[in-house]
Amino acid sequence: ALGTLWAVRIFHASVAACILNDVYREATRLGVPVEGVRVCAGGGFSESWSSTGIEYTVEVDSPAEPATVEELIAIVDRVAEIPRALRHSAVVTRKP
């Protein structure tokens, strides 16, 4: 078995992957050159498996002005689908 720790990391990695993808997508849409992106995400869970929250950091390597990069990151924070869904919570059910 891969274990619980691995499963928890997949949960957090989904947020990081979404942010990473959306930085490139939004940068292309806005014409902001991007040479590289690093996203780190993490968080925890209570004893009853409720998320205690997810935090992430984004580093964007770009020749663009720092204010432009910050605006790009702010836009991504607003539009990234997985973080948006998690912020609004979701009911998860198994279909028979």
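Residues are numbered from 1 along each chain as its sequence is written, and side-chain values use heavy atoms, with hydrogens and water left out. In this predicted model, local features need pLDDT of at least 70 and side-chain atom pairs count only at pLDDT 80 or more, whereas totals for chains, interfaces and linings use all residues.

Reader: Which pattern does the protein follow when read along the sequence?

Author: Helices (H or I, at least four residues) and strands (E, at least two) are taken as DSSP runs, numbered from the N terminus. On that basis the protein has three helices and two strands. The C-alpha atoms fill a box of roughly 45 × 25 × 20 Å along the principal axes. Along the sequence, the pattern is α-β-β-α-α.

Reader: What percentage of the contacts between residues at least 6 apart in sequence join residues at least 24 apart?

Author: A contact means heavy atoms within 4.5 Å. Among contacts in the protein between residues at least 6 apart in sequence, the share that joins residues at least 24 apart is 60%.

Reader: Which residues does Ile19 touch, not counting residues up to four places away in sequence?

Author: Ile19 is among the core residues that touch the most other members. Not counting residues up to four places away in sequence, the residues that Ile19 touches are Val39, Tyr56, Val58, Val76, Ala80 and Pro83.

Reader: Is Glu26 buried or exposed?

Author: Glu26 is found in helix 1. Leaving aside neighbours within four places in sequence, Glu26 is in contact with Leu72, Ile75, Val76 and Val79. Because its relative accessibility is 6%, Glu26 counts as buried.

Reader: Which exposed residues does the face of helix 2 turned away from its buried side carry?

Author: The buried side of helix 2 includes Leu72 and Val76. The face turned away from that side carries the exposed residues Ala67, Glu70 and Arg78.

Reader: Which element supplies the largest share of the lining of the largest pocket?

Author: On a 1 Å grid over the protein atoms alone, a pocket is an open set of points where a 1.4 Å probe fits, with protein on both sides within 12 Å along at least five of seven lines, and lining residues have an atom within 4 Å of a point. The largest pocket is lined by Phe11, Val15, Ser51, Gly53, Ile54, Tyr56, Pro83, Leu86 and Arg87. Helix 1, strand 2 and helix 3 (81-87) each supply at least two residues of this lining. The largest share, four residues, comes from strand 2.

Reader: What is the volume of the largest pocket?

Author: Grid points are joined across faces, edges and corners, and a volume is the space filled by probe spheres set on the points. For the largest pocket, the volume is about 200 Å³.

Reader: What is the phi of Trp49?

Author: Most residues other than glycine have a negative phi. Trp49 lies in the loop between strand 1 and strand 2. Although Trp49 is not a glycine, its phi is positive, at about 70°.

Reader: How far apart in space are Val92 and Ala74, C-alpha to C-alpha?

Author: Val92 is found in the segment after helix 3 and is exposed, with a relative accessible area of 78%. Val92 and Ala74 are 18 residues apart in sequence, and their C-alpha separation is 28 Å.

Conventions. Core = buried A, V, L, I, M, F, W, Y, C linked by side-chain atoms within 4.5 Å. Buried < 20%, exposed > 50% of the residue type's maximum accessible area, 1.4 Å probe, protein only.
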